[in-house]
Amino acid sequence: MKNVLIAYWSGTGNTELMAKQLAKGVEEGGAKATVKTAGGVTPDMVKAAEALAFGCPAMGAEVLEESEMEPFIGSLTQAELGGKTLGLFGSYDWGDGQWMRDWEERMKGLGANVESEGLITQLVPDEAVLAKCLELGKKLAK
Ligand SMILES: Cc1cc2nc3c(=O)[nH]c(=O)nc-3n(C[C@H](O)[C@H](O)[C@H](O)COP(=O)(O)O)c2cc1C
C-alpha cells in the first residue's frame, strides 16, 4: 500500500485541522497516511514515503516556524525529495501568502513535484478549504 507522509507544525491548531483532513483524504483514497509533527520526522522517513504533504503556518515575518519546521525542512535534500509528489499547506493571517510562495520555490529547487498551488487559508480552515484538503489527500494517495 502506498505510504503518504504528512508532516506539519501547528501552534493554535489551524494547520493541524488541515493535516487531519488531508490524512482522511489519503485513507479514503486507499493509501496509508502517516501523520507526524515536524519535530519527530527524520530525512529517512521522508525518503521511505512515496508521496508527501508538509504543513506550516506563516510565522516570524513570512517564514516557516523556526524551532521545528525550519530545521526539518532545512535538513532535506534532493535525495529525499527528488521526483516525489509533494503537497504544501498552511494557515496565515495578515500576510499575502509570501511564505508559501517562497516555500514552494524552495521545494521545487530540491526536485519535488509540488502538487498545485500551496493550499493556504486565513486562520481557521472553512468547509471549502477542508474539502480541498480532502481532495489533495486523495490525489496524493494515487
Ligand atoms: C509569532 C507569529 C508570527 C506570525 N507571522 C505571520 C506572518 O508573517 N504572516 C501571516 O500572514 N501570519 C502570521 N502569523 C499568523 C499565523 O500564521 C496564523 O495565526 C495561523 O492561523 C496560525 O496557524 P496554526 O493555528 O496552525 O498555528 C503569525 C503568528 C504568530 C503567532
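Hi everyone, let's start at the ligand: one of its oxygen atoms is 3.1 Å from a polar backbone atom of D93. That is a polar contact, meaning a pair of N or O atoms within 3.5 Å; within protein, one must be able to donate a hydrogen and the other to accept it, and residues adjacent in sequence count only if both atoms are side-chain atoms. Before I go on, this is a predicted model, where local features need pLDDT of at least 70, side-chain atom pairs count only at pLDDT 80 or more, and totals for chains, interfaces and linings use all residues. Residues are numbered from 1 along each chain as its sequence is written, and side-chain values use heavy atoms, with hydrogens and water left out.

A polar backbone atom of A58 is 2.7 Å from a ligand oxygen, and for N14 the distance from a backbone polar atom to a ligand oxygen is 2.8 Å. Taken alone, the ligand exposes 640 Å², and the protein buries 79% of that (Shrake-Rupley areas with a 1.4 Å probe). Which elements give two or more residues to the shell around the ligand? They are α1, residues 14-28, and β4, residues 85-92. Helices (H or I, at least four residues) and strands (E, at least two) are DSSP runs, numbered from the N terminus. Of the 18 residues around the ligand, the nearest are S10, G11, T12, A58 and S91, where "around" asks for a heavy atom within 4 Å.

S91 brings us to T121, as the two are in contact, that is, they have heavy atoms within 4.5 Å. T121 belongs to strand β6, residues 119-122, and also touches M18, G90, Y92 and V129. Is T121 buried or exposed? Buried, because its relative accessible area is 6%; the cut-offs are under 20% for buried, over 50% for exposed and partly exposed in between, with a 1.4 Å probe and protein chains only.

Next, a pair of strands. V4 is in β1, residues 3-8, and A51 is in β3, residues 51-55. V4 touches A51, and its other partners include V26, A33 and L140. L140 is also among the contacts of A51, along with K2 and T85. Both are buried: V4 has a relative accessible area of 0%, and A51 is at 1%.

Lastly, sequence against space, C-alpha to C-alpha. A51 and K84 are 33 residues apart in sequence and 5.9 Å apart in space, while V4 and D96 are 92 residues apart in sequence and 29 Å apart in space. Thanks, everyone!

Methods:
Lists of a residue's contacts leave out its neighbours within four places in sequence.
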